[in-house]
Amino acid sequence: MAEQFLNFIDGEWIAGSGSNPIADINPADTREVIGHATDSLEADVDAAVQAAHGAFASWRSTPAPVRGQIVAAAGRLFLERVDQIAEVLTREEGKILAEAKGEVRKGSNLVEFLAGESRRLNGETIPSEMSKTFAYTLRVPLGVVGLITPWNFPMAIPAWKIAPALVCGNTVVLKGAEQTPWVSQLVVQAFVDAGVPKGVLNLIQGRGETAGAALVEHPLVEAISFTGSTEIGHHIYARGAALGKPVQCELGGKNPIIVLADGDVDMAVAATAKGAFGSTGQRCTATSRAIVDARVHDQFVDALVREAGLVVPGNGLNPATTMGPSVDQDQFDKVHEYLAIGPGEGVETRAGGGRATQGDLEFGLFTQPTVWTGVDRSMRIAREEIFGPVLSVLSVDGIEEALSVANDVEYGLTSSIYTRDVNKVFEYIDHIETGMLHVNSPTIGGEAQLPFGGMKRTGVGPREQGPTAIEFFTEWKTVYIDYTGSMRGGNLY
Ligand code: ADP
Ligand code: MG
């Protein structure tokens, strides 16, 4: 029987009040309807926010280390449930099972790290200019926070937003992605089984333009943390500005890998293939531009085309598969629009370029890993995020031109350089406009204890993950205590 994916409000799994459920379709075989997500409207969002609001007083006064212990227990449950969660993830989202397990482990690491932050919610004591006065700062929670998350890391992203939000003493309404309602449910269930009390964590399934928008607009929601498309992120940021609410956004990327003439070309090719075709290119840190010195360009392209030929698209549950499908028809159509735009702009297609249909693949949303050469920085395909297994190669002369091309996009999430020249490494670190940098390693990947996020139009607000994750989910109280009550120092202002 097809599954029903429900909302979780005030400790109960319940249906939304909308009448238009969302089909959850397996992208590796679109004939399979896994189930339906309930359709939520403003009234459902209101019920979830009211529950979170009601639970706030008691959760914020639960000692932070106790909150941290509950969050840590959720991290352990994710590891215990890795096989179950990963299988659902592969069926709903399409990524191969190894990638899905990697995502669950990464999510668990993040939760574990952030649980530890519960013992480090430190303020500062600061000397007062008045005598007999003690001054200090105190981190306090915001209240109800809204989390809006995408389909591409449907386990890890909600987990790394929920964990710091709860550790800091906020209560949460999560609006998960339309395409991955089952994974959203499993994430919330793990936190609940770990001991998160009723009302503290609520889940809304449903559409962005109805349920998501209602969450942003709700007057009792103090802040929104969003990961998703640039267009929606900037829209939510504008709404936050109008409503006076802080908004944190993690948006698109157009991440370059720079390969200099003295770099290890074979390693650079392996990193590029991993970054461009891994997770079907559906990650904000995917490598989408290879900026290659003309002296090694042909060697690089020939080897990369060979690598692309080794990719095995297919159902991610099959152990022989090395690349899954696009997540849904909309995403697939968008990738294929770009596959038409590229040749129209004059690129040369050296690998792929179309749909993959051999055998069973015709029932899924599969694209051949694609490599384009002859790409100019002014082309749309060199500037816009494609979010598919598509790589543009741009030929340059030396590091200066490489950096100029690399920075000539509106995004600034992550980047990588391959060179053995230490001077060029530091020139790159100094001049590249990305929030994360990799020297002689792929653009993808990040560790739980380090900040994650981008510069320019990619990121708004404090960095996620690592010790900076708590910045967004707390605000400061500044306390002055005149401990003799005598106004001895007077206050000059
Ligand atoms: P994509 O188009 O790749 O799915 P989106 O940015 O549209 O990326 O979606 C990311 C998340 O934002 C999803 O949970 C989606 O439901 C939500 N969302 C989409 N539109 C809105 C909106 N207008 N207001 C609030 N949330 C939205
Ligand atoms: Mg969208």
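Modeller: Before we start, axes here are lines fitted to C-alpha atoms, for helices over the stretch in contact, and angles run from 0 to 180 degrees between N-to-C directions. Helices (H or I, at least four residues) and strands (E, at least two) are DSSP runs, numbered from the N terminus. This is a predicted model, where local features need pLDDT of at least 70, side-chain atom pairs count only at pLDDT 80 or more, and totals for chains, interfaces and linings use all residues. Residues are numbered from 1 along each chain as its sequence is written, and side-chain values use heavy atoms, with hydrogens and water left out.

Biologist: OK, at what angle do helix 2 and helix 4 cross?

Modeller: Roughly 165°, and the axes of helix 2 (residues 64-80) and helix 4 (residues 97-116) come within 8 Å. That makes helix 2 roughly antiparallel to helix 4 (the label for angles over 145 degrees).

Biologist: Which residues meet there?

Modeller: From helix 2, Gly68, Val71, Ala72, Gly75, Phe78 and Leu79; from helix 4, Val104, Arg105, Ser108, Val111 and Ala115. Contact means heavy atoms within 4.5 Å. By type, the contact of helix 2 with helix 4 has 7 nonpolar residues, 3 polar and 1 charged. Ala, Val, Leu, Ile, Met, Phe, Trp, Tyr, Cys and Pro count as nonpolar, Asp, Glu, Lys and Arg as charged, and the others, Gly among them, as polar.

Biologist: Switching topic: is lysine 175 buried or exposed?

Modeller: Lysine 175 is buried, because its relative accessible area is 2%. Buried means under 20% relative accessible area, exposed over 50%, partly exposed in between (1.4 Å probe, protein chains only). Lysine 175 lies in strand 9 (residues 171-175).

Biologist: What does the side chain of lysine 175 have 2.9 Å from a polar atom?

Modeller: The backbone oxygen of glycine 206. Leaving aside neighbours within four places in sequence, lysine 175 also has contacts including Leu147, Thr149, Arg207 and Leu215.

Biologist: And where's lysine 245?

Modeller: Lysine 245 is in the loop between helix 8 (230-243) and strand 12 (247-250). Lysine 245 counts as buried because its relative accessibility is 12%.

Biologist: Which backbone oxygen does the lysine 245 side chain reach?

Modeller: That of valine 216, at 2.7 Å. Beyond neighbours within four places in sequence, lysine 245 is in contact with His218, Pro219 and Gly240, among others.

Biologist: Last one: what does histidine 297 touch?

Modeller: Leaving aside neighbours within four places in sequence, histidine 297 is in contact with Val292, Thr373, Val393 and Ser395. Histidine 297 sits in helix 10 (residues 294-310) and counts as buried at 13% relative accessibility.

Terms used
Chains are lettered from A and ligands numbered from 1 in the order in which they are written. Angles under 35 degrees count as roughly parallel, over 145 as roughly antiparallel, 65 to 115 as roughly perpendicular and the rest as oblique. A polar contact is a pair of N or O atoms within 3.5 Å; within protein, one must be able to donate a hydrogen and the other to accept it, and residues adjacent in sequence count only if both atoms are side-chain atoms.
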